[in-house]
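Dear colleague,

I am handing over the structure we spoke about, with the sequence alongside. Please keep it open while you read the notes below.

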Protein chains: 2
Amino acid sequence: MRPMRRVILLIIDGLGDRPSQSLKWLTPLQAAEIPNMDLMAAKGLLGMQYPIAPGVPPGSDSGHLSIFGYDLDKEYPGRGVFEALSEGVVGDGVIFRANFSTVREENGKLIVVDRRAGRVEKEDASLLASELKDLYLLNGEVKAKFVHTLEHRGFLILEGEGLSSLVTDVDPHEEGYYVLEPEPIDDKAVKTAEAVREFLLISYRMLKDHEVNRKRIAEGKLPANFILLRGASSPPKLEPFSSRWGFKPAAVAAGPMYKGIARALEFEVFHPPGATGLPDSDFSSKIRKALDLLEEFDFIYVHMKGTDVASHNKDPQQKVRVLERIDLALEPLTDPPEDLLVVITGDHATPCSLGKHSGDPVPVLFYGRGLPRDDSSNFHELDAQVGGLGWFTGSSMMRLILNYSDRALEYGLRPFPRPRGYIPRIEMLNPLKI
Amino acid sequence: MRPMRRVILLIIDGLGDRPSQSLKWLTPLQAAEIPNMDLMAAKGLLGMQYPIAPGVPPGSDSGHLSIFGYDLDKEYPGRGVFEALSEGVVGDGVIFRANFSTVREENGKLIVVDRRAGRVEKEDASLLASELKDLYLLNGEVKAKFVHTLEHRGFLILEGEGLSSLVTDVDPHEEGYYVLEPEPIDDKAVKTAEAVREFLLISYRMLKDHEVNRKRIAEGKLPANFILLRGASSPPKLEPFSSRWGFKPAAVAAGPMYKGIARALEFEVFHPPGATGLPDSDFSSKIRKALDLLEEFDFIYVHMKGTDVASHNKDPQQKVRVLERIDLALEPLTDPPEDLLVVITGDHATPCSLGKHSGDPVPVLFYGRGLPRDDSSNFHELDAQVGGLGWFTGSSMMRLILNYSDRALEYGLRPFPRPRGYIPRIEMLNPLKI
């Protein structure tokens with residue numbers, strides 16, 4: 001049997017950035033002291049990847065799915081379901097991410113004043129949510145369940161015959177804009193759009209004069225008078241990562257969204273002590289856990305969130321500090337087991353100057369024995385632009401990982417009924433009965 | 001509401017070239033003194049794009065359409081229609097670009113002697129064209145209208161039931177070659193091919209002994225005895241640029257083809273004084289117009305043709321001079337308004353050594369505040385090959401423009417029934433009716 005490498009895929013959230021004045025026009029990766037990543041860059045291979053496509057800003061869910069080798073055009077179930085999964089909410093119907101928000105009326109239209117209703121407090125939100133627990137829409141044909149989770153956040157689940165997740169967002173994603181009409185994206189979603197519309201009007205009538213909101217207004221707070229919906233989605237029926245790529249996968253993550261994605265792909269999920277999903281997370285604890293898991297698994301996805309938090313805070317100096325703390329934690333990877341491939345990249349760029357995800361390319365580092373050469377010597381955007389992995393999209397990532405972990409099967413070879421392109425583990429094969 | 005940048009997209013026709021001996025084996029971009037473009041390259045981002053796909057030479061129409069984000073496989077209507085639009089010819093049937101040409105008979109075949117009939121004079125062409133104004137073909141089932149425009153140029157419009165633009169060119173595109181049989185590309189075009197065949201024979205009979213041609217021959221001129229057809233196409237039903245990408249677009253162009261494309265996409269089209277579509281064009285007048293238009297529009301497409309003319313003339317030194325004159329005109333863009341993104345590229349490469357369009361990559365420059373970094377310092381092919389935009393195809397251009405003008409919407413967000421990927425202008429949204 002061939003020796004095949006095990007893989008650690010480290011996703012540093014929001015990696016990749018633009019120059020910042022406060023860093024003397026360097027990027028955070030350029031400005032940070034990251035000797036371990038630099039050493040891996042010098043010995044390894046760099047490249048640039050667009051997680052979805054050039055110029056397309058990924059969401060955290062879609063960026064990950066694309067990098068994990070799922071075809072977004074065909075397999076993306078919508079965002080709501082990952083958020084719901086991450087909050088432990090599972091529904092069988094159509095799930096929407098929902099925000100308590102503040103709107104005002106103007107000429108028969110609603111304008112979004114605050115998409116989070118001043119981050120409405122738990123007690124107020126719970127009281128308001130209890131009014132919306134079970135509503136029947138379209139003459140009882142559709143049941144609506146609203147689930148409140150944290151602060152202004154919640155989910156709406158619609159259940160009934162003939163529903164579809166192909167409806168547009170009511171949330172305009174910008175304050176000062178109108179609340180939008182829910183529109184069907186195809187004919188099968190007409191009924192769902194009508195149900196959403198009815199839910200919005202009923203809930204608005206219930207919320208706008210509710211005593212909780214009257215009290216909030218009296219106290220000078222923003223009323224939580226509207227439920228903004230977005231990300232309609234259906235529970236995913238995604239092929240498990242293991243049967244798609246032949247790995248036995250584990251995830252090390254703290255952020256709820258990332259655990260939700262990993263669970264949807266049937267990774268075994270670990271949340272080590274000290275990992276918080278924030279800039280102060282114990283990154284070393286995650287790397288130690290990943291190395292331990294190599295005993296039992298051969299693909300370890302490790303997620304580190306702090307960099308993205310710093311970027312959303314528009315704080316390049318914080319991003320530098322987080323990168324430096326991550327780098328310290330990576331020291332054990334610089335001298336890895338002989339059969340380990342280390343891959344470091346991000347699920348999207350989050351330039352600190354924008355404070356949001358962008359469609360910029362993201363640096364990638366492959367590190368392990370016996371890789372091709374390139375001229376790169378530091379792990380930052382400029383060296384990655386001319387690295388030996390070239391430029392590619394996220395949809396190629398798993399193929400490159402199979403290749404550099406010596407698992408890629410020559411095109412046209414078929415140990416499986418469907419083309420999969422990897423060397424199968426022995427237990428995946430179907431032996432001839434004699 | 002978010003600040004979003006406005007965009008000037010400058011298409012320098014036939015940009016990108018190969019080394020020339022007369023330029024000491026430099027390319028025209030390398031040999032030219034272009035301090036303004038160099039400054040923008042040093043501060044901005046470079047890359048290489050294949051307008052259609054690696055190795056595929058674009059036509060002026062198809063290169064533009066691809067860069068503007070239209071899927072050529074599904075949306076390309078054929079070339080004739082853009083040429084017709086640019087001449088103000090609009091037809092409902094199948095439109096062919098048509099040339100008065102000179103042919104001679106040899107063994108019952110026709111050989112093309114001059115594809116332009118010695119660039120036949122206007123008066124002669126008009127007289128001949130009047131004979132061909134309305135012909136009925138296939139027992140009256142198909143009506144043929146020939147429209148003469150300038151010199152040897154014109155259009156043939158076929159109208160009738162069951163016609164298709166999927167017929168091959170009669171024009172061999174080379175002198176000394178046979179006139180070609182019109183062939184249907186699929187079954188639905190059989191009738192059209194027959195109608196074309198009949199038109200060619202009838203018109204040839206009418207033209208070859210016409211008194212105008214007898215006079216031309218007597219004067220030692222080439223007779224305009226044949227109508228060469230090419231570029232069969234149907235009127236395009238292209239989605240307007242504004243609804244596809246969310247911009248309010250204007251075009252600054254002088255060449256008829258480019259105005260035709262812009263009109264087909266519902267750009268508002270401006271032809272400033274002094275702009276000629278030739279190497280002597282007043283490039284400054286175009287840039288000043290573009291800057292003025294930023295008051296009213298947020299996407300200005302500026303077309304400059306002179307470089308391509310020099311390339312077709314196989315004159316690298318002329319191309320250098322045109323590039324230097326264009327560069328002078330670009331001075332106001334080097335210190336642009338804070339919210340302006342400047343993009344400079346070509347619709348295809350036209351290497352002077354070939355004198356025709358090629359499938360070579362074309363340099364791209366993005367310039368504005370807050371872009372990512374790269375190591376490029378000059379605007380030429382070699383720096384573009386290792387720039388921070390990487391290598392991409394024209395189909396990614398608009399996504400990259402959305403991204404770097406802060407207009408790209410995160411994947412999965414859906415303010416519209418169909419995914420469009422841009423932040424909509426408020427007037428494009430459909431507010432909830434309450």
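In this predicted model, Ile8(B) stands opposite Val342(B), a residue of strand S12 of chain B. The two strands concerned, S1(B) and S12 (residues 340–345) of chain B, run parallel and are joined by 6 bridges. Strand S1 (residues 6–12) of chain B also pairs with strand S11 (residues 299–304) of chain B, again in the parallel sense and over 6 bridges. Of the 7 residues of S1(B), 6 are buried, so the strand is largely enclosed by the rest of the structure.

These pairings belong to an open sheet of 8 strands in chain B, with the order S10-S9-S11-S1-S12-S13-S2-S14 and mixed pairing. Strand S10 (268–270) and strand S14 (390–393) of chain B form its edges, and because each has a single partner strand, one side of each is left without a neighbour in the sheet. On average, neighbouring strands of this sheet are turned by 20° against each other, direction ignored.

Leaving aside neighbours within four places in sequence, the contacts of Phe299(B) include Val7(B), Leu9(B), Phe68(B), Phe241(B), Phe267(B), Met398(B) and Ile401(B).

Pro240(B) lies between strand S8 (226–233) and helix H9 (241–245) of chain B, and, when residues up to four places away in sequence are not counted, Pro240(B) touches Tyr70(B), Leu265(B) and Glu266(B). The C-alpha atoms of Pro240(B) and Arg97(B), which are 143 residues apart along the chain, are separated by 24 Å.

Turning to chain A, the domain assignment gives domain 1 (6–76 + 237–428) and domain 2 (83–233), and the C-alpha centres of these two domains of chain A lie 35 Å apart. Chain A has an open sheet of 8 strands, in the order S10-S9-S11-S1-S12-S13-S2-S14 and with mixed pairing. Its edge strands are S10 and strand S14 (390–393) of chain A, each of which pairs on one side only, and the twist averages 20° from one strand to the next. Strand S2 (residues 45–50) of chain A pairs with S14(A) in the parallel sense over 4 bridges, and within this pairing Tyr50(A) stands opposite Thr393(A). Helix H2 (residues 35–43) of chain A packs on the sheet, where it touches S1, S2, strand S12 (340–345) and strand S13 (362–367) of chain A, and its direction makes about 70° with that of S13(A).

Two further helices of chain A deserve a look. In helix H11 (residues 283–293) of chain A, the buried residues are Phe283(A), Ser285(A), Lys286(A), Ile287(A), Ala290(A) and Leu293(A). The elements that these buried residues pack against are strand S1 (6–12), strand S9 (249–252), strand S10 (268–270), strand S11 (299–304) and helix H13 (316–329) of chain A. The N-terminal end of H11(A) is capped by Asp282(A), with a side-chain oxygen 3.2 Å from the backbone nitrogen of Ser284(A).

The other helix is H12 (residues 306–312) of chain A, which holds Ser311(A). Is Ser311(A) buried or exposed? Ser311(A) counts as buried because its relative accessible area is 0%, and the cut-off for that term is under 20%. With residues up to four places away in sequence not counted, Ser311(A) touches Gly14(A), Asp17(A), Lys319(A), Thr350(A), Pro351(A), Cys352(A) and Gly355(A).

With best wishes

How values were computed: Residues are numbered from 1 along each chain as its sequence is written. Chains are lettered from A and ligands numbered from 1 in the order in which they are written. This is a predicted model: local features need pLDDT of at least 70, side-chain atom pairs count only at pLDDT 80 or more; totals for chains, interfaces and linings use all residues. Side-chain values use heavy atoms; hydrogens and water are left out. Buried means under 20% relative accessible area, exposed over 50%, partly exposed in between (1.4 Å probe, protein chains only). Contact means heavy atoms within 4.5 Å. A polar contact is a pair of N or O atoms within 3.5 Å; within protein, one must be able to donate a hydrogen and the other to accept it, and residues adjacent in sequence count only if both atoms are side-chain atoms. Two strands pair if DSSP finds at least two bridges between them. Axes are lines fitted to C-alpha atoms, for helices over the stretch in contact, and angles run from 0 to 180 degrees between N-to-C directions. Domain bounds come from an automatic or database domain assignment.
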